[in-house]
Amino acid sequence: MFGNKILNYKDEILRDLNTLIGFESVDGEKNEECDKALEFILKRAKDFGLDAEKVTDFSGHAKLGSGGKSCAILSHLDVVPAGGNWSVNPFALTQKDGRLFGRGVADDKGAALINLYCLRALKENNVKGKNTLYAVYGTTEESGMRDMDGYFKKMPLPDMAFTPDSDYGICYAEKGILQIEISTIVNNANVLTQFHSGNAVNAVPDLAYAILDSSNYDEQTLTRLADASDGNFEFKYTIDGLMIISRGKAAHACEPEKGYNAASALIDLIANTYEFEDIGSICSFIDYAVNKETNGRSLGIKMHDSASGALTVNLGSVDIEDQTAKAQFDIRYPVTVSGKSVLKQFEKVAKNSDLCVKVLNHEKPLYIEKDSELIRVLSKAYESVTGEVPELYSTGGGTYARKLQGRGVAFGPHFKGDEIHMHDADESVDAENFFKHAQICLEAMYELFTLK
């Protein structure tokens with residue numbers, strides 16, 4: 001098994017991973033850090049004697065071989081904001097209790113670095129390839145994947161590809177992703193003067209706060225309802241009025257039921273205390289059309305299919321202050337459903353509250369035939385390392401695979417039972433699993449490189 005050879009680089013991988021995690025590469029907030037992460041990867045590729053090129057401002061690749069089929073492994077170097085409640089420094093690699101901690105260690109910097117070291121292992125072991133391998137890197141995956149849109153305008157689509165940015169076994173179907181913003185022309189709330197929650201539309205917010213006008217809040221009712229609810233609330237008195245802080249649990253938007261939405265909980269609290277005109281159109285809409293649901297029932301979009309499962313809805317952010325009033329939603333819909341029909345129904349419900357609706361991003365579903373050559377190759381690599389046949393599954397997650405027009409799938413790097421806390425505090429991976437993935441990844445890249 002060729003995959004074992006990646007273990008010869010364990011110490012170097014961990015040193016480089018510490019450097020890579022050290023870049024606070026949040027697209028839109030720390031663009032210069034995204035640039036540094038990409039520059040670091042491309043420099044290390046050149047250090048290993050590989051061809052490396054920055055293709056656009058947001059993407060680049062390392063390359064091994066020439067001719068034959070074009071095979072690509074796609075990964076991203078950007079991360080979601082760290083948020084709070086970490087027990088370690090989020091932007092440094094921490095090793096403790098058999099785990100590797102740091103923002104991006106699981107999503108997706110760990111796998112991104114492994115891709116590069118797999119190319120190095122193939123080169124340094126003088127493997128004679130029949131095809132061309134590309135390790136492709138982007139820096140805007142978490143904010144809409146415009147990196148790959150630009151990359152594939154300049155580079156041809158690969159013949160076969162995979163992205164290690166999901167779970168094992170092999171993800172042959174990805175739900176559609178519809179990210180929507182609702183807003184009002186003016187902030188029409190009488191009592192609610194501020195509401196802020198969420199740093200990313202594709203994450204369940206773990207913190208929210210609201211400020212109620214000091215002359216109009218019903219403190220007794222609020223505290224009674226707060227005590228009776230399942231939320232975690234704190235009340236503070238400020239010069240601007242009563243501040244209510246809501247704490248929840250973060251999770252990825254593809255699995256919102258695994259988190260606890262601090263914004264939804266806070267809106268539920270104040271909506272049970274005040275009238276429509278007191279809290280305004282945005283919060284009223286969220287209260288009656290979403291509330292704490294994650295299945296879209298009240299919006300009229302609850303649905304599922306056998307190929308990819310149920311639709312999910314995540315309230316990702318709410319921002320209300322002065323004349324600004326807006327909120328953002330992340331909807332993951334089944335592969336056999338039309339995204340246009342989901343959007344039409346959402347707009348119909350939002351119209352009842354006179355809300356403006358804007359589509360921030362729409363990624364159509366992905367579906368690959370289970371008996372394709374790519375899936376056979378990846379299955380062989382997985383079975384060679386683990387001794388098990390990989391499960392074929394679908395996900396609500398959005399990966400670069402959907403940019404490949406049916407030529408790629410998500411494959412690894414995470415194993416069942418490993419609580420990685422993706423998009424949450426204390427993101428981490430089991431160290432043994434991390435290097436098991438490295439072996440599978442190298443075996444898969446070896447198979448693609450030498451495939452006739």
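Q: Which residues are linked in a network of salt bridges?
A: This is a predicted model, in which local features need pLDDT of at least 70 and side-chain atom pairs count only at pLDDT 80 or more, while totals for chains, interfaces and linings use all residues. Numbering of residues starts from 1 along each chain as its sequence is written, and side-chain values use heavy atoms, with hydrogens and water left out. A salt bridge here is a side-chain nitrogen of Lys or Arg within 4 Å of a carboxyl oxygen of Asp or Glu, and the residues linked in such a network are D16, K43, R44 and D47.

Q: How many residues apart in sequence are the parts that R120 and E12 tie together?
A: R120 forms a salt bridge with E12, and the closest N and O atoms of the pair are 3.0 Å apart. Because R120 lies in helix α3 (residues 109-124) and E12 in helix α1 (residues 10-21), the pair ties together parts whose separation in sequence is 108 residues. Helices (H or I, at least four residues) and strands (E, at least two) are DSSP runs, numbered from the N terminus, and the separation asked for is 108 residues.

Q: Is R120 buried or exposed?
A: Buried means under 20% relative accessible area, exposed means over 50%, and partly exposed lies in between, with a 1.4 Å probe and protein chains only. E12, at 24% relative accessibility, counts as partly exposed, whereas R120, at 11%, counts as buried.

Q: How many of the residues of α3 are buried?
A: Helix α3 has 16 residues and reaches 23 Å from its first C-alpha to its last, close to the 22 Å expected at 1.5 Å a residue, where the expected span is 1.5 Å times one less than the number of residues. Just after α3, N126 takes a positive phi of about 55°. The helix is mostly covered, and the number of its residues that are buried is 14 of 16.

Q: How far apart are the closest N and O atoms of K403 and E363?
A: Both K403 and E363 are buried. The two residues form a salt bridge, in which the distance between the closest N and O atoms is 3.2 Å.

Q: Leaving aside neighbours within four places in sequence, which residues are in contact with T56?
A: T56 is found in strand β1 (residues 51-56), and at 16% relative accessibility T56 counts as buried. The side chains of T56 and S59 are joined by a polar contact of 2.7 Å, a polar contact being a pair of N or O atoms within 3.5 Å, where within protein one must be able to donate a hydrogen and the other to accept it, and residues adjacent in sequence count only if both atoms are side-chain atoms. Contact in general means heavy atoms within 4.5 Å, and, leaving aside neighbours within four places in sequence, the residues in contact with T56 are G150, Y151 and K154.
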